[in-house]
Number of protein chains: 2
Amino acid sequence: MTVTAAAAPPPVAADALEAKIRAIGAERYHSLHPFHRLLHGGRCTRAQVRAWALNRYCYQAAIPRKDAAVLAGLTDRALRRAWIGRIHDHDGHGDDPGGIERWLRLTDGLGLDRDYVMSMQGALPATRMAVEHYVQYVKDHPGLGAIASCLTELFAPSLHAERISGMLEHYDFIDDSVMTYFRRRLTQAPRDCDMALAYVREHARSEESQQLVLDAVTMKTNVLWVQLDALYHAYVAPGHIPPGAYVPPEE
Amino acid sequence: MTVTAAAAPPPVAADALEAKIRAIGAERYHSLHPFHRLLHGGRCTRAQVRAWALNRYCYQAAIPRKDAAVLAGLTDRALRRAWIGRIHDHDGHGDDPGGIERWLRLTDGLGLDRDYVMSMQGALPATRMAVEHYVQYVKDHPGLGAIASCLTELFAPSLHAERISGMLEHYDFIDDSVMTYFRRRLTQAPRDCDMALAYVREHARSEESQQLVLDAVTMKTNVLWVQLDALYHAYVAPGHIPPGAYVPPEE
């Protein structure tokens with residue numbers, strides 16, 4: 001759905017901005033994080049995959065609150081009507097159980113207790129802080145900053161495609177039925193980020209607003225990266241699990 | 001849609017709380033405001049009806065942002081799935097143009113320029129301040145306070161029914177086609193407030209949380225009342241229209 005107004009955007013400046021956004025992704029997106037190399041290459045233990053899925057649940061569960069906060073900052077009705085579909089994608093709507101439920105099928109499939117996952121009691125403190133930092137950023141930067149912070153979705157489809165094939169190939173405890181979250185995101189994410197990118201290209205015309213956009217995208221890459229750093233430290237090397245966080249059973 | 005958990009609520013305390021909420025409505029709901037007596041009794045001029053509809057647009061236009069702010073504060077997925085329908089009711093969804101569009105058909109029917117209405121430039125400053133106060137309250141009181149502030153809908157259906165019959169009877173410039181907003185609200189508001197009331201009855205168990213609920217409902221009645229006071233002062237008596245606000249054409 002196109003939400004740009006009739007006025008033609010300034011293509012040269014918008015192209016330059018988009019190139020800078022994509023450069024941030026090329027340098028900072030969490031597809032580059034060592035933990036993802038391990039995960040997708042089949043070098044994680046089942047315990048590590050469980051810890052990843054359990055922590056990532058915190059992020060998934062927060063996304064509808066984040067998108068509602070984006071919506072609360074939008075005064076344009078057509079834009080709200082387009083954006084609200086993201087909340088349905090994650091919370092579900094009608095017969096669609098939604099992305100959070102699909103994520104819980106993944107954690108179910110990994111043998112994690114659903115109530116424990118949903119309680120978030122075993123999640124790493126750094127994960128929860130990073131996620132809430134993202135939600136708060138969106139509340140504090142209504143409109144352009146909030147929308148720009150979602151642009152990491154530009155980089156997600158290739159990560160998800162790599163994840164689906166890598167995890168199915170390498171792990172005997174992962175089968176196709178638990179990977180539906182990522183399959184669905186292969187089509188949802190491009191649709192969403194086309195809308196967000198069109199908005200940013202059109203509305204970030206001043207130097208100040210373009211810097212806001214770049215800062216928002218950088219912030220978001222940090223939110224994603226911090227989560228994997230914490231996961232690596234706790235569950236890979238040196239393997240210092242913080243007090244109270246999930247301790248995988250002996251395998 | 002019921003969103004209460006399986007645990008039985010404490011009926012005596014919940015009944016007492018509901019009675020106090022309804023008592024606030026009986027004393028403070030804007031159905032009691034002198035402006036509404038004039039409006040529904042056919043004693044407003046067309047200019048005054050125009051001023052009312054133009055100002056009330058600010059409130060209508062803010063409701064989806066308010067409901068998105070409520071949603072941003074909800075951690076319960078089932079509750080979010082129920083609440084999100086309010087945003088669709090106002091912004092529209094699929095073929096339904098939504099309540100804001102229906103309100104604009106009312107202002108169209110009154111001969112107001114749509115761009116001028118949507119710009120809100122002619123709205124009274126007090127209207128816009130009251131509306132934004134409501135949106136900010138919801139952001140500042142996630143969960144119980146935010147939900148409770150919506151409970152004035154308990155009192156809306158009788159006001160809307162009175163308005164539909166009164167305005168159709170008394171004004172030759174009002175016909176059925178422009179009153180669809182209120183007709184639709186006759187069924188939407190009871191469904192919405194059943195959900196909000198069930199939530200409040202179940203979750204406001206401590207004295208402190210019950211006081212929060214009563215304060216939220218009182219705040220909301222003030223938000224509504226302030227708008228009519230300002231309208232009365234500007235357009236009825238003494239008729240001091242503030243600088244920059246809508247000046248009706250000579251009739």
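Two residues are taken to be in contact if their C-beta atoms, placed from the backbone, lie within 7 Å. With that in mind, in this predicted model, 93% of the interface residues of chain A are also interface residues in chain B, so the copies meet through the same surface.

The relation between the copies can be described further. Chain A is superposed on chain B by a rotation of 180° with 0.0 Å of shift along its axis, and the RMSD is 0.0 Å. The two copies are thus related as by a two-fold rotation axis. Among the residues of chain A, the one that comes closest to this axis is Ala68(A), whose C-alpha lies at 2.5 Å.

Within chain A, helix 3 (residues 46-72) packs with helix 7 (residues 125-140) at an angle of about 10°, their axes being 9 Å apart. Because angles under 35 degrees count as roughly parallel, helix 3 and helix 7 of chain A are therefore described as roughly parallel to each other. Helix 3 of chain A contributes residues including Tyr59(A), Ala62(A) and Arg65(A) to the contact, while helix 7 of chain A contributes, among them, Val131(A), Tyr134(A) and Val138(A). By class, this contact between helix 3 and helix 7 of chain A has nine nonpolar, two polar and four charged residues.

Leaving aside its neighbours within four places in sequence, Val200(A) is in contact with Leu144(A), Ile147(A), Ala148(A), Leu151(A) and Val213(A).

Technical notes. Residues are numbered from 1 along each chain as its sequence is written. Chains are lettered from A and ligands numbered from 1 in the order in which they are written. This is a predicted model: local features need pLDDT of at least 70, side-chain atom pairs count only at pLDDT 80 or more; totals for chains, interfaces and linings use all residues. Copies are superposed by least squares on the C-alpha atoms of residues with pLDDT of at least 70 in both. Axes are lines fitted to C-alpha atoms, for helices over the stretch in contact, and angles run from 0 to 180 degrees between N-to-C directions. Helices (H or I, at least four residues) and strands (E, at least two) are DSSP runs, numbered from the N terminus. Angles under 35 degrees count as roughly parallel, over 145 as roughly antiparallel, 65 to 115 as roughly perpendicular and the rest as oblique. Ala, Val, Leu, Ile, Met, Phe, Trp, Tyr, Cys and Pro count as nonpolar, Asp, Glu, Lys and Arg as charged, and the others, Gly among them, as polar.
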